[in-house]
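Here are a few notes to read alongside the structure.

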Amino acid sequence: MLVVERQTEVYDKPRAIALDHEIFRHFDNMGVADAVRPYVAPFTASQHFGAQGQLIRTIDMVQPPYPLGYTPSMVFTQPPVEAALRAHAAGFANVSIVTGAELIGFEERGEEILATLRAEDGMQRQIRGKFLLGCDGASSTVRQLADMALRDLIFDEPWLVVDIRCGDAALAKLPQCSAQFCDPARPTTYIIGPGNHRRWEIMLLPGENPREMAAPEQVWRLLAGFMAPSEGELWRAAAYRFHALVAQSWRRGRVLIAGDAAHQQPPFIGQGMCQGLRDVTNLVWKLERVLRGQSPLALLDSYEAERRLHVETLTGKIKAIGQMICERDPARAAARDEDLLAQGGGVPPHVTRQDIVPPLETGLLAPPGNPGRGLLFVQPLIRQAGGAALLDRLTGTGWRLILDGRVLRVPDLAALLTPADEIGLYAIAPAGRRCRTRLRNRTASWPPGSTAIRPRPCWCVPIITSLARPRTPRRCRRCSPPAGRSSPAPNPSTRK
């Protein structure tokens with residue numbers, strides 16, 4: 001694999017600021033969670049204030065117990081996290097990283113791509129590969145060269161994004177939770193980042209020049225109601241247009257796009273980077289199967305089919321929130337405030353960011369009517385000898401079939417295992433209730449590679465390791481820890 005990056009060094013200023021528990025679960029499965037954890041903090045509740053300064057809504061994260069085992073909403077400092085991800089990629093023997101170069105053209109020739117790169121010194125070279133994946137941002141060269149047009153979802157507002165490293169005096173007087181000031185005179189977002197990092201997103205008004213408004217003197221003028229220049233360091237100020245766009249096609253033959261190259265959405269609940277990481281998580285295991293000859297090229301068609309509708313639905317929800325925030329007509333802003341309070345029965349409604357993120361609507365899903373259809377599979381914390389571990393740490397991250405151990409019998413399990421050469425099989429029952437498989441007394445009937453663990457607080461999980469590498473059967477002891485765990489292939493999906 002060859003990774004081409006135009007910048008020679010990691011950009012030293014923050015851009016993305018938010019991620020969620022789904023993305024952190026991917027980081028953990030990748031093995032980078034410990035490296036990025038020092039630069040991550042919980043995302044505080046966001047209080048929305050109306051035209052008269054009154055509280056009209058609160059958007060928070062779901063409360064414990066956390067369904068995926070991690071804080072559901074987080075903020076992070078991008079430069080060190082990006083450096084950790086780059087170092088992780090560089091650690092693979094089959095990955096080469098070229099910096100200071102850019103793609104200037106490509107041709108698709110049968111079953112391969114011939115790409116032309118240009119280095120900083122102007123020198124050009126050609127490389128060959130099986131696929132070309134463009135994760136090259138909103139102005140994607142790959143998307144433009146592949147003639148993949150963008151569809152406008154009708155949202156286009158100019159904003160100024162300001163990052164400040166605040167001193168103690170400013171931290172003491174600034175709001176102690178994140179906020180959305182829905183003032184029609186100038187809508188403003190305030191986000192509490194990790195440590196002393198604070199971000200403001202400030203709507204620009206008609207007639208204001210974006211470049212001029214990003215100048216330090218203008219930035220401090222806009223922040224005058226929050227803090228003085230002597231109370232912090234201006235880390236970054238950049239003007240953006242907040243868009244809602246989706247590419248009409250995400251794949252052309254052996255060329256694919258992901259992240260901002262494929263879609264862009266306003267940042268109002270911090271899902272931009274999350275969307276891009278969901279894209280590549282969906283795509284990379286499929287590419288691997290195609291490259292190994294395990295699946296046909298047509299498998300890649302499912303990438304856009306599964307991701308596009310989710311992106312469009314979530315972008316539509318974010319766009320609706322953004323339109324409410326960006327309302328600049330005083331009368332309509334007052335009506336908005338009254339409507340939100342009415343929705344809460346006279347009190348500000350409270351919603352969670354996780355409620356806003358929709359379930360999957362297409363792909364390999366549970367049957368219609370199933371309450372878990374399209375949702376992320378939960379990840380309980382499991383107690384074992386030497387400490388506790390999350391489910392993925394014990395089962396690995398490959399294909400997993402989770403079955404109800406209260407009703408499943410050993411003959412049924414044996415029949416299910418026969419064709420499942422790539423699937424780890426797990427029977428689950430509440431603690432205190434015996435699985436009908438009777439693993440304790442029927443080890444001779446249990447498939448090779450079985451162990452038993454007792455998760456906390458309410459699960460009893462007999463684990464079947466990868467069928468490709470069977471191990472010696474082990475006897476189930478209800479309260480004993482597992483003797484070992486498998487290491488299946490990368491996770492193709494964690495949704496139901």
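Buried below means under 20% relative accessible area, exposed over 50%, and partly exposed in between (1.4 Å probe, protein chains only). This is a predicted model, in which local features need pLDDT of at least 70, side-chain atom pairs count only at pLDDT 80 or more, and totals for chains, interfaces and linings use all residues. Residues are numbered from 1 along each chain as its sequence is written, and side-chain values use heavy atoms, with hydrogens and water left out.

1. At 59% relative accessibility, I154 counts as exposed. Helices (H or I, at least four residues) and strands (E, at least two) are DSSP runs, numbered from the N terminus.

2. With 57% relative accessibility, D147 counts as exposed. Most residues other than glycine have a negative phi, and most peptide bonds are trans.

3. On that last topic, the peptide bond joining P64 and P65 is cis, with omega about 0°. P65 belongs to the loop between β5 and β6 (73-76).

4. Strand β4 (46-49) pairs with β5 (55-60) in the antiparallel sense over four bridges; two strands pair if DSSP finds at least two bridges between them. F49 has L55 as its bridge partner in β5. Five residues lie between the strands of this hairpin, and G53 takes a positive phi near 85° there. β4 also pairs with β13 (178-181), in the parallel sense and over four bridges, where S46 is partnered by S178.

5. An open sheet of three strands runs in the order β11-β18-β17, with mixed pairing. β11 (132-134) and β17 (251-252) are at the edges with a single partner strand each, so one side of each has no neighbour in the sheet. β11 and β18 are parallel, over three bridges, and L133 stands opposite L256 in β18.

6. Which residues have the most contacts inside the largest nonpolar core? They are W159, W250, V255, I257 and F268, in a core of 43 residues. Such a core is a set of buried Ala, Val, Leu, Ile, Met, Phe, Trp, Tyr and Cys residues joined through side-chain atoms within 4.5 Å. α9 (301-325) is one of the elements giving two or more residues to this core, and α9 gives the most, with six.
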